[in-house]
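I opened this model to look at the ligand site. My notes follow in the order I checked things.

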Amino acid sequence: MACRVEEVGYITPTEIQRQALPVLFSGRDCILHAQTGSGKTLAYLLLIYSVINTQRSTVQALIVVPTRELGMQVAKVARMLAAKSDEAVPEDKSCTIMALLDGGTLRRQKSWLKAEPPTIIVATLGSLCQMLEKHMIKLDSLRVLVIDEVDFMFNSSDQVSLLRKLLISYTSINKRQTVFASASIPQHRRFLYDCIQQKWTKGDVVHIHANPVQPMPLRVNHRFLVCSRSDRRSALLSLLQSDKPQSAIIFVNEQSEKSKKAGNAPATDVVIDALKSSHIGSHEILLLEEKINFNSRAASFAELRQGGAYLLVATDIAGRGVDLPDTTHIYNFDLPKDAVHYLHRAGRTGRKPFSEAICVVTTLITSEERFVLQRYENELMFHCDELFL
Ligand SMILES: Nc1ncnc2c1ncn2[C@@H]1O[C@H](COP(=O)(O)OP(=O)(O)OP(=O)(O)O)[C@@H](O)[C@H]1O
């Protein structure tokens, strides 16, 4: 099926698309390993549109994602590419795309599945497995299986067994093309070996690694500011005043059990209160974290996509895959827990592939945390400049 790649503005392929598309179109399984914001989504969607046949009423492509937010975003891009152009042949059946995501009631999807299977499903593992167990979905005609943010899925204790089952049951590796994508695949040689040994992919799977010596986008500058925990709030406000970000994401860590027991307020509340009482700029102030209900999460995310200026306070739930290209600044109110989390948080900025605009990531640390950040710099091969207020 043809899709509207140029009509929607994708004219020149990015590096990962240039390297991956010939391999994907040749029918081989692939591990797409490339910087955040480098266009991996479009690479696998183009493969899907090249193989699906909308005359057949079967599920032909399945994209598995770790969060509801990423699922909403991928489904949106897929629908945008599929929308019929003026030149479409009238008898062409349109491609149907179902989002099967945690937090939905799944009632509407059940009736839809009973009536006619969609061509493409974008799903989180929990909701997908519920439907598979109830035999609401058949995957025997699946042509493409994509696991996005694959390292995250394999690292998540509540997802890994479902993921393993999905990879070896329901469909055969010989009938489908399997694609894994992420900006971070730690120990990728070991992962490649496991893919073949465990029969998650065919034996000739290709690992496509764009920019291996530059895991982070070049047009992102990194800075750090040393301050005590008690000064962090005022330091953040001073930074926002001097940086004047167009739009920014402020990342905080999940509150620890120890901090909860000590009766401390969660960092999300501390930051939101500070922003609301400071009257900085005319940004919309929004919150995205696991524990708020799915409706509020969806509302926050939808609002972000309306195009106004925002300051989004988020936990790492917004760290994976979320594409908000107007984000010019990232603030790590808390030091990310490891280098991979740093990479994905930082990668929520610098997401316009052919733009020269410089984006900035600023991490607030105590003096004791300096060596940890230094370790991330070594691991991810980037340099962080010290900032003084
Ligand atoms: N060929 C292209 N030309 C212009 N823009 C593109 C092209 N391909 C992708 N983009 C844009 O680049 C941005 C990032 O793409 P995408 O979300 O696929 O990144 P990603 O590689 O999946 O990143 P992450 O690892 O963070 O999930 C999106 O806004 C997308 O619309």
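Before using domain bounds, I noted that they come from an automatic or database domain assignment. I also noted that the model is predicted.

Entry one: domains. I looked up where the shell around the ligand comes from. Domain 1 (1–209) and domain 2 (220–387) each supply at least three of its residues.

Entry two: the shell. I found 22 residues around the ligand. Thr12, Lys40, Thr41, Asp323 and Arg351 are the closest. I then sorted the shell by class. It holds 10 polar, seven nonpolar and five charged residues.

Entry three: secondary structure. Which helix gives the most to the shell? I found that helix 2 (residues 40–51) does, with three residues.

I went through ligand oxygen atoms. At Lys40, a side-chain N or O atom is 2.8 Å from an oxygen atom of the ligand. At Gly39, a backbone N or O atom lies 3.0 Å from a ligand oxygen atom. At Arg351, I read 2.8 Å between a side-chain N or O atom and an oxygen atom of the ligand.

On its own, the ligand has 640 Å² of accessible area, and the protein covers 89% of that.

The ligand takes up the space of the second largest pocket.

Definitions and conventions: Residues numbered from 1 in each chain as written. Predicted model: local features only at pLDDT ≥ 70, side-chain atom pairs only at ≥ 80, totals over all residues. Heavy atoms only, no water. Near = heavy atom within 4 Å. Polar contact = N/O pair within 3.5 Å; in protein donor to acceptor, adjacent residues only side chain to side chain. Areas by Shrake-Rupley, 256 points an atom, 1.4 Å probe, with all protein chains shown as cover. 1 Å grid on protein atoms, 1.4 Å probe; cavity = no way out; pocket = protein on both sides within 12 Å on 5 of 7 lines; lining within 4 Å. Sits in = over half its atoms within 2 Å of the grid points. Helix = DSSP H or I, 4+ residues; strand = E, 2+ residues; numbered from the N terminus. Nonpolar A, V, L, I, M, F, W, Y, C, P; charged D, E, K, R; others polar.
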